[in-house]
Amino acid sequence: MTHSPLATYQPEQRALALIGGEATDANLRRYLHGIPGIDAVGLEARAADLGTRSIKTSSKRWAIDTIIGLIDLTTLEGADTPGKVRSLVAKALVPDPGDPGCPRVAAVCVYGDMVGAAVTALGSTHAAGGTDGTGVQGVRVAAVATAFPSGRASIAIKLADVRDAVAAGADEIDMVIDRGAFLAGRFGQVYDEIVAVKEACRRADGSFAHLKVILETGELNTYDNVRRASWLAILAGGDFIKTSTGKVAPAATLPVTLSMLEVVRDWHRLTGVRIGVKPAGGIRTSKDAIKYLVTVAETVGEEWLTPHLFRFGASSLLNDVLLQRQKMTTGHYSGPDYVTID
Amino acid sequence: MNRLAIPKTYKLYIGGKFPRSESGRVYEVLSHQGDFLANAAKGSRKDTRDAVVAARSALSGWAGATAYNRGQVLYRIAELLEGRRAQFVDEIESCEGVNAAVAGTQVDEAIDRWVWYAGWADKYVQVAGNANPVSGPFFNLSVPEPTGVVAIIAPQGSESLLGLVSAIAPALVAGNTVVVVANELAPLSAISLGEVLATSDVPGGVVNIVTGSPTEIAPWLASHADVNALDLVGAGALDWVELQISAADTLKRVLPPETGADAAAPALSRILAFTELKTVWHTKAIL
Amino acid sequence: MKFLDYAPAPESQALLNLKSDYGLFINGDFTPGRGTPFQTINPATEQQIAMISTANEADVDAAVSAARHAYDGVWSRLSGSDRGKYLFRIARLVQERARELAVAETLDNGKPIKETRDVDIPLVAAWFFYYAGWADKLDHAGVGPNPAALGVAAQVIPWNFPLMMLAWKIAPALAAGNTVVLKPAETTSLTALLFAEILQQADLPAGVVNIITGDGSTGQTLVNHPGVNKVAFTGSTAVGRAIARSVAGTDKKLSLELGGKGANIVFDDAPIDQAVEGIVRGIFFNQGHVCCAGSRLLVQESIQDDVIDRLKRRMQTLRLGDPLDKNTDIGAINSAEQLARIRELSDLGQQEGAERWSTDCVIPTTGFWFAPTIFTNVSTSHRIARDEIFGPVLSVLTFRTPAEAIAKANNTPYGLSAGIWSDKGSRILAVADKLRAGVIWANTFNQFDPSSPFGGYKESGYGREGGRHGLSAYLKPAVRSGSRSIPAVEHTPQAVASAGKKSASASKKSASAEKAAK
């Protein structure tokens, strides 16, 4: 399918052209409900089938290093302190002290008030999507915002939350949508909030922090809702769509991620624009993570396996991947005492 | 002085109408004593072809009727037969050489058989169908459906009416349409049954009755590609193996000849013989 | 490197312990066949796997005699619960040796290991487990109280799901109390012979199951043997027709699972990504060597371009190659003969004006392969829209209204399977009612289960396999009643009420020698 003139539009124009009018509840409903449905049994069967791919030897080695480079290493605890964040950053930069060849993670993901601590800890290795001074891939700082994880606050508070984090040096904002409004059919409100948050991501120099839109798929419940919310988030200007906060079960699942990848694929077919996908929460083993790589590669193509377009939101995943990496390097199984705890 | 009677012209019953044979042929129907009773139409290859066309075009309507409706229509045949009982008794007496009591018993049995089969119309699916507990998130149901156009060689022995009814009623229950070759020597009650059907609620073409020579007609039915099933119940005296071989060309469902006292006895399996089991799977999920 | 060029992940053959020569399995022992042995090859490499015996007429006779003897002497006297226990044992042994059987099946057939591992062999075990439980519950099979077995069943199976078809045949036959002589397809005898070893491990009484190998003429001799009471065949419609002719006039009960040209109907409100998966599963599963394949895609005209575009993208991710590689989606075509037929019909499709498109996968230099292919601009009159290709070739046709979809779907002498894709429940049910096919998959395709009856309408055959109905195909009512009031008579097409014997003319038109190809 050829790319339409939509590709040359600005995001807002594009959305309005697609939905055929202003972003009202009614117009958005008509658009979102015109998208083909999902048969859950078929979707889950496809995801399970992708999960049977057998990734061995050289492919596995590549996959493991790729996974590390796609991780948003995350700490989102009430007990977080600058010290904890410094430790996280150290791990992000040198995941395996025993192997300097081990790649860095993509980003550290923290609460807004910890952005400053993360930026400071990263120092010269902090790089918004680029390389640091030594030519090595820099590590970004992502901040959750908009009254994460529930999103239950006034729009003024949510926007202030975003502006604070951006001002503190966040490269990426992980916002939550208003699930209540979505489930109540107030699509216009969800849309407007994302547009407003995107605007709040604007820096003084006119550039934007990258916007990841968390759908909290566990609360949206159905695959049809996930698909509609994905379209809504992309129409409103999100750069990434993200499954979950990690605070609600179920968090990321392979079928949910597959359904979001299908939206991203269709958006690319429609507009030529590439949107990122971030499964977050619940991915703990390298075996699981490899299934996600396979699903990305076979659904949208392996050009998506870059930090610009795919991330894992995870914390414990990294150590399991490191254990696998050590096994592949040394030929024997490793143990938890041979990886650092954060 | 006795009134001069008006004899009946016995014709074919095809597509709800009573045509003469396109061939113009008739054959003499004789009483048990050998006396001339009537001329019956001697159905031809082309009459048979027309009958299959009529049966095919009536199929979707009859198969698509509700089971409750088909049951009532079949029961209605019994009602009408009851009303014309005397006529059938007369015909059977003259054709088969039996006394009125014996003829009456046969008619009564034929009526009761319609009633028995009529009652199955909205039940056989329940008895022969299944909900299947497959290992997966699927709703899975098996239901029998009519096979299609069924060609029947009616029983050729005594009890011409009962034999005919026993052969066509079970095929009709599920929604099949029928082309039946009547009892060659005793065809009168078959054509009279056609008259009953024509005035009942059975749509034209659902039952088509051809009189004449089964030896001549049966091969055309057995080899006809638009016939889905072949009931050879009354074909015992024909070269029925050849008919079965011919029917194999289009994988027709074939019932073999039956003889003896329990030939074409009422049975659920006779209904199910002309059904196809369809299994439908559907995904099942709440997400 | 490209990640999608997944590194090789071959399944190990170490657990295989194959012999170089296999005999016939008659009366509990392996015995050399008296016909000329033939080689069975790996269609992915064309290398010989083993030599297989050919059963000649005397061997067929010995097998039928062994089955008769076992029926009279042992099996018909055993209680239902004991028959069931043997079947349970077989199910467990199949589970225990599942990986070995999967590898052997993939070697011999050419189908991907992921299918033999995840579909074929698990279903084999499931089939025996399901019918094991029926063996002592035959009163509920639907043929009246205390039904009787038929006797000796002659079973001829195809090469597309070798061990699975064996299970579909043997499990219900044994549960119902019959004994069996089974002939696997010429190109895929191997797993049937491994299964014979399992029967030995299960200590199944000698002669209850006999497995004889050979080509079509062995199968023909078997089904025509006067000592068999039941013939069950899965394969091509041409051979099925010949068998139906040859058993005419005999008292052999017959069931036939034959060819198909299944319509997969995609409405404009379909769950589109799952529909695309269903199209792929419908025609590319098992290289399209599936009698119930969705080989005709009927897509609503308004979404045709979108569906074809998505389908082509999806097809490009199909991985063709070494069947033993765990990532292979499309394995080898089973034989040179079958490959020739697929090529012939595909070339014909091009000549008839249909537009051909194949994935640009690399075809290995040895073995038999055919790239996944679709034809667009296909008309109902094209041969590729009517003939069963039995390969990874999809014909795409369009429709405008539901009525047109139904008419086109039914416009075939076959009637085995169909698919419906729509989000509208009422339409799905109504369309399912109108389709003349024995298995309808709604928003799914190519699902199989031992509890679910499977079989066709029209020239796709008759009789059902699976479920209660599959069991009753191997049973007859207990007694014939002389009374009119007791409906104890059974009427199954081809079941002859002892009204006559086969005429001389019947035997002249016996089954021609063709090998089973479902």
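Visitor: How many residues of domain 1 of chain C are in contact with domain 2 of chain C?
Guide: This is a predicted model, in which local features need pLDDT of at least 70 and side-chain atom pairs count only at pLDDT 80 or more, while totals for chains, interfaces and linings use all residues. Residues are numbered from 1 along each chain as its sequence is written, and chains are lettered from A and ligands numbered from 1 in the order in which they are written. The bounds, from an automatic or database domain assignment, are 21-258 + 457-508 for domain 1 of chain C and 263-442 for domain 2. With contact defined as C-beta atoms, placed from the backbone, within 7 Å, domain 2 contributes 26 residues and domain 1 contributes 20.

Visitor: Which helix supplies the largest share of the side of domain 1 of chain C that touches domain 2?
Guide: Helices (H or I, at least four residues) and strands (E, at least two) are DSSP runs, numbered from the N terminus. Helix H3 (98-109) and H4 of chain C each supply at least two residues of that side. The largest share is 3 residues, and the helix that gives them is H4(C).

Visitor: How many residues on the side of domain 1 of chain C that touches domain 2 are nonpolar?
Guide: Ala, Val, Leu, Ile, Met, Phe, Trp, Tyr, Cys and Pro count as nonpolar, Asp, Glu, Lys and Arg as charged, and the others, Gly among them, as polar. By these classes the side has 7 polar and 7 charged residues, and the nonpolar ones number 6.

Visitor: Which residues touch the most other members of the largest nonpolar core?
Guide: Such a core is a set of buried Ala, Val, Leu, Ile, Met, Phe, Trp, Tyr and Cys residues joined through C-beta atoms within 7 Å. A residue is buried if 20 or more other C-beta atoms lie within 10 Å of its own, exposed if 12 or fewer, and partly exposed in between, with C-beta atoms placed from the backbone. Among the 267 residues of the largest core, those with the most such neighbours are B:Val180 and C:Phe128.

Visitor: Which helix gives the largest share of this core?
Guide: C:Phe128 touches C:Leu87, C:Ile90, C:Ala91, C:Val94, C:Ala167 and C:Ala171, leaving aside residues up to four places away in sequence. The largest share of the core is 12 residues, and its source, spanning residues 113-134 of chain C, is helix H4.

Visitor: Is C:Lys19 buried or exposed?
Guide: C:Lys19 lies in the segment before strand E1 (21-22) of chain C, and its C-alpha is 6.8 Å from that of C:Ala50, 31 residues away in sequence. Because 12 other C-beta atoms lie within 10 Å, C:Lys19 is exposed.

Visitor: Which element gives the most to the side of chain B that touches chain C?
Guide: Between these chains, 44 residues of chain B are in contact with 53 residues of chain C. Among the elements that give two or more residues to the chain B side are strand E4 (138-146) and helix H9 (240-247). The greatest contribution, 8 residues, comes from E10(B).

Visitor: Which residue of E18(C) stands opposite B:Thr279?
Guide: Two strands pair if DSSP finds at least two bridges between them. E10(B) and strand E18 (residues 439-442) of chain C run parallel and are joined by 4 bridges. Opposite B:Thr279 stands C:Val439.

Visitor: Which residue is the bridge partner of C:Val266 in E17(C)?
Guide: Strand E12 (residues 263-266) and strand E17 (residues 417-421) of chain C run parallel, joined by 4 bridges. The partner of C:Val266 in E17(C) is C:Trp421.

Visitor: What is the order of the open sheet of 8 strands in chain A?
Guide: Within chain A, strand E1 (residues 71-74) and strand E2 (residues 107-111) pair in the parallel sense over 3 bridges, with A:Thr74 opposite A:Cys109. The pairing of the sheet is parallel, and the order is E7-E6-E5-E4-E3-E2-E1-E8.

Visitor: Which residue in the turn of the hairpin of E1(B) and E2(B) has a positive phi?
Guide: Strand E1 (residues 26-30) and strand E2 (residues 36-41) of chain B run antiparallel over 5 bridges, and B:Val29 has B:Ala38 as its bridge partner. The hairpin has 5 residues between the strands, and the residue with a phi of about 95° is B:Gly34.

Conventions: Two residues are in contact if their C-beta atoms, placed from the backbone, lie within 7 Å.
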